[in-house]
Amino acid sequence: MSKSLFTDASSRLERALKYVSISDDAIERLKYPKASLSVSIPVRMDNGTLRIFQGYRVRYDDTRGPGKGGVRYHPNVSIDEVQSLAFWMTFKCALLDLPFGGAKGGITLNPKELSKAELERLSRGYIEGIADFIGPDIDILAPDVYTNEMIMGWMMDQYSIIQRKISPAVVTGKPLTMGGSRGRDTATGTGAFHVINSLLPKLDKKPANTTVAVQGFGNAGAVVADLLAKAGYQVVAVSDSQGGIYREKGLDIASIREYKQEHRGITAIYCEGTVCNIVEHEAISNEELLALDVDVLIPAALENQITAENADRVRAKYIFEVANGPTTSEADRILDSKGILVFPDILVNAGGVTVSYFEWVQNRSGLYWRLNEINERLKERMVTEAEKVWSFAQEFDISLRNAAYAQAIARLGEALDAKGTRDYYQNKTRA
């Protein structure tokens with residue numbers, strides 16, 4: 001029987017502990033989620049039938065602040081997956097030095113099978129089920145896989161109805177007219193771009209001679225692909241859940257994004273004004289994309305895409321994880337043995353939660369920032385923390401993943417120890 005996603009995720013904690021000193025108390029507390037909630041959500045379907053959906057919310061740790069994490073709608077959502085995602089969020093928020101803990105939520109379903117009205121009833125029903133478990137100072141929701149600003153707006157509105165007061169800070173990623181932040185919809189991809197663009201020069205890679213493949217042409221993947229292409233990188237392959245396209249000379253990412261928004265599919269095209277022409281390309285599978293001979297591979301889909309079964313076929317020199325948990329711990333060891341550098345998800349995709357933090361701050365203060373202010377603050381934080389992770393990895397000659405977790409663990413350890421440790425109560429440290 002294969003080990004659970006959470007077991008695999010938590011193994012990263014064990015390895016990183018070798019490079020940082022924190023109390024045994026802190027280590028013990030980081031091994032377990034603080035609270036988990038499972039709810040049944042009854043939804044009256046458009047045809048009059050009643051369906052029950054299973055929903056989850058896990059608050060892994062809130063030592064540094066209220067829980068923070070997205071809500072995903074996907075057939076594979078389970079308590080194991082949600083707990084793992086909450087675990088990753090805990091370390092991601094600490095790594096970016098945000099005043100949040102880690103949380104996550106989800107509902108098990110295929111959202112493509114529901115009408116918009118059914119999705120609204122489901123989203124509001126989810127909030128009915130978890131309303132006592134969340135709040136602006138307890139646990140803050142955000143969009144994730146197959147959830148968007150409309151769904152976040154429904155959730156915020158339902159929570160406000162239950163509380164009998166407008167509560168915009170309970171949810172981030174909302175529409176601007178409901179208190180959302182400028183730049184939140186593109187934040188994950190934009191943050192990833194800043195990490196990539198700041199670290200690749202350290203490896204003597206310049207945009208014009210750097211080839212890139214992006215698995216997962218959703219919101220985050222499409223944004224980072226577009227920004228890389230505009231910066232001069234050669235994006236040669238992209239894919240979605242249906243498959244991918246490859247063109248050795250590079251793809252016109254802006255045209256492909258425009259086509260996908262209108263047709264919900266990927267085709268290698270070039271658009272000039274309103275005229276679009278299909279260009280010669282090769283259709284490939286997601287597995288084939290992962291094995292392309294490129295400089296940079298960006299997994300931006302779901303977890304467990306690079307595993308022990310396919311890691312040996314990966315030929316990219318550098319992997320930047322835009323998805324959460326796309327690489328298993330077994331695959332990490334194989335990639336490391338091949339000399340492939342993996343830039344971890346808790347750093348690379350942290351742009352989303354960073355701008356969610358900005359949105360939360362704006363909601364609580366009532367002062368809203370311009371887009372250029374958001375982008376400047378995001379770039380500064382992403383580049384600063386990326387530089388710290390890089391320096392730590394170089395200093396101790398360890399993997400970038402271990403360096404990122406060690407940095408996060410050190411901050412979490414300080415916060416946990418501030419509440420008291422065994423040494424303190426045994427009078428081994430001064431009050």
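A pocket is an open set of grid points where a 1.4 Å probe fits, with protein on both sides within 12 Å along at least five of seven lines. In this predicted model, the second largest pocket holds about 450 Å³ of space. Its lining consists of 18 residues, and those nearest the centre of the second largest pocket are Asp336, Ile398, Ser399, Leu400 and Arg401. Two or more lining residues come from each of α10 (329-337), β14 (341-343), α13 (371-396) and α14 (400-417). The most are given by α10, which supplies 4 residues to the lining. By residue class, the lining of this second largest pocket comprises 8 nonpolar, 4 polar and 6 charged residues.

Strand β14, one of the elements of that lining, also belongs to an open sheet of 7 strands. The strand order in this sheet is β11-β8-β7-β6-β12-β13-β14, and the pairing is mixed. The edge positions are taken by β11 (282-284) and β14; each has a single partner strand, so one side of each is left without a neighbour in the sheet.

Strands β2 (residues 50-61) and β4 (residues 101-108) pair in the antiparallel sense, over 6 bridges. Asp61 has Gly102 of β4 as its bridge partner.

Side chains of opposite charge can pair when their charged atoms come close. The count of salt bridges in the model comes to 26. One of them joins the side chains of Glu81 and Arg72, with an N to O distance of 3.0 Å. Glu81 has a relative accessible area of 4% and is therefore buried, the limit being under 20%. Arg72 likewise counts as buried, at 3% relative accessibility.

A salt bridge is also formed by Asp144 and Lys104, whose closest N and O atoms are 2.8 Å apart. This pair links distant parts of the chain, since Asp144 lies in the loop between β5 and α5 (149-163) and Lys104 in strand β4, 40 residues apart. Lys104 is buried, with a relative accessible area of 3%. Asp144 counts as buried too, at 18% relative accessibility.

A further salt bridge connects the side chains of Glu120 and Arg124 (3.0 Å, N to O). Both residues lie in helix α4 (residues 116-130); because they are 4 residues apart there, about one helical turn separates them. Glu120 is partly exposed, with a relative accessible area of 27%, whereas Arg124 is buried, with a relative accessible area of 19%. Elsewhere, salt bridges that share partners join Arg72, Glu81, Lys104, Asp144 and Glu303 into one network. This network thus includes the Glu81 and Arg72 pair and the pair of Asp144 and Lys104.

How values were computed
Residues are numbered from 1 along each chain as its sequence is written. This is a predicted model: local features need pLDDT of at least 70, side-chain atom pairs count only at pLDDT 80 or more; totals for chains, interfaces and linings use all residues. Side-chain values use heavy atoms; hydrogens and water are left out. On a 1 Å grid over the protein atoms alone, a cavity is a set of points where a 1.4 Å probe fits but cannot get out, and a pocket is an open set with protein on both sides within 12 Å along at least five of seven lines; lining residues have an atom within 4 Å of a point. Grid points are joined across faces, edges and corners, and a volume is the space filled by probe spheres set on the points. Ala, Val, Leu, Ile, Met, Phe, Trp, Tyr, Cys and Pro count as nonpolar, Asp, Glu, Lys and Arg as charged, and the others, Gly among them, as polar. Two strands pair if DSSP finds at least two bridges between them. A salt bridge is a side-chain nitrogen of Lys or Arg within 4 Å of a carboxyl oxygen of Asp or Glu. Buried means under 20% relative accessible area, exposed over 50%, partly exposed in between (1.4 Å probe, protein chains only).
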